[in-house]
Amino acid sequence: MKRTIITVVGKDTVGIIAKVCTYLANNRINILDISQTIVQGYFTMMMIVDLQSSEKSFDTVSDELEQIGEEIGVVVKCQREEIFDSMHRI
Amino acid sequence: MININEVVETNQMIEKENLDVRTITLGISLLDCADSDLDKLCEKVYTKITTVAKDLVKTGREIEKKYAIPIVNKRISVTPIALVGGSACKTSDDFVKIAKTLDEAAKKVGVNFLGGYSALVAKGMTKADELLIRSIPKALASTDIVCSSINLGSTKTGINMDAVRLMGEIIKQTAELTKENDSLGCAKLVVFCNAPDDNPFMAGAFHGVTEADAVINVGVSGPGVVKTALESVRGESFEVLGETIKKTAFKITRVGQLVAKEASKKLGIPFGIIDLSLAPTPAIGDSVADILCEMGLDHAGAPGTTAALAMLNDQVKKGGIMASSYVGGLSGAFIPVSEDQGMIDAVNAGSLTLEKLEAMTCVCSVGLDMIAIPGDTKATTISGIIADEMAIGMVNQKTTAVRLIPAVGKDVGDTVEFGGLLGRAPIMPVNNFSCDAFVGRVGRIPAPIHSFKN
């Protein structure tokens, strides 16, 4: 299964998770894991999602999430999981 | 499953510490383009490059998007042109025509540089080799993104001193013909001892004759990542220092391996090698000199620099080797002056001299790189510097290179500005005692003995 990692970084504010999750639900993107932390004072959230049942391509989802991020003043980034696997798993 | 700390670490490397894939270089063999008719040859060369490399830039961008990692350069290397143009070119101007064709083809596919305007003359020069070498000043002045490299020696054959002498003059002429742009032509010209066939980095990339028809080579980078990792082990032992460098190099290389595999699959072209190099850029925080400082030196060039660099270079290789299935190219820490802000600072502070840089090249890749020297430096002095550097490579069985810029009209105290990845360089003083009689001797320096090592 090819998974995608979504990261959200920015100033903490009401409704960040709601906004992102609504978008994912509307596009039939399943969330497999979700966690959050504070890094150097910034709200940081990571989601592992599965794009398989979505009709939208990775590129489209990536662009649209970036757009949503801009609207709420956070940085949203989509990356395929392989880059993290390569770097952190032997 | 991947956890949030790992994700944060990777993204921090990319966003804050300048982690990038420095280059995807597509090697293309032009041997099948050889023809005795120059026009036909140029047409075949243009067609082959624009066909094989047509999707290179697009594919690079797709991979960038997929993993959100910058791929700074997309480049092409080709078979040394002296071999391809041998039967068609009767004059140096004929070779310049091929250079222009390469320039057009490279621009058509949108790559940053094309390397391979080269000749391999470690033992002797053919007529074609000499014509190509003599065409270099004009070729580099009349093209924008073509890079040239000449292999002047090897551990197995010795050093071709006739070619070394000639290159001193060619470098001067190249500087003269591009003097309007701070002698920029010389930044696109490098001479080697033991040149690798699969180097993805410019200006020295060419597609060796032992290579397949087309191949993908990837150069990774990340001095900033190593520097940041070392900040957390200040004052620790050499063991801890070495382990930290190794682990970091492993991570950096794995990203390169991923990108190389992906590019190879998408383009349908076999994966060749990963070049494990710490390649600095003029960007703040992307400096090999800064790593040396972090290891405990006041400035690059201080006593201890060669030892620190030797350790850095070795640990980078040890970490990287395990991360990739095939390693090749130059693989080591680069120490160019103009492309590394920390090196520039060290020169300006009076800590780093040409002689110390020469010592440093004994323990790392690649050589005297991107060093600006006074414009009135004699051709024989340049040849002498080249001969010294070639000797280091020959005896130590390693690749060494020289890329000097005798900046026309400039002297010590002045600076040359190239912009972009090539950066800027303060003019460094050169030892001007004559070596005319030595360089003036004809023939070659014999290959060194491979036994009785002391």
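Author: Two residues are in contact if their C-beta atoms, placed from the backbone, lie within 7 Å. This is a predicted model: local features need pLDDT of at least 70, side-chain atom pairs count only at pLDDT 80 or more, and totals for chains, interfaces and linings use all residues. Residues are numbered from 1 along each chain as its sequence is written, while chains are lettered from A and ligands numbered from 1 in the order in which they are written.

Reader: How many residues of domain 2 of chain B are in contact with domain 1 of chain B?

Author: Chain B is divided into domain 1 (22-193) and domain 2 (218-441), with bounds from an automatic or database domain assignment. On the domain 1 side, 39 residues take part, and on the domain 2 side 43 residues.

Reader: Which element gives the most to the side of domain 1 of chain B that touches domain 2 of chain B?

Author: Helices (H or I, at least four residues) and strands (E, at least two) are DSSP runs, numbered from the N terminus. Elements of chain B that each supply at least two residues to this side include strand S1 (21-28) and helix H3 (56-67). The greatest contribution, 10 residues, comes from H7(B).

Reader: How far apart are the end C-alpha atoms of helix H6 (residues 127-141) of chain B?

Author: The expected span is 1.5 Å times one less than the number of residues. Helix H6 of chain B has 15 residues and should therefore span 21 Å. The model agrees, with the end C-alpha atoms separated by 22 Å.

Reader: Where does the kink in H6(B) lie?

Author: The bend at a residue is the angle between axes fitted to the seven residues ending there and the seven starting there. In H6(B) a kink of about 45° comes shortly before the proline B:Pro137, at B:Ser135.
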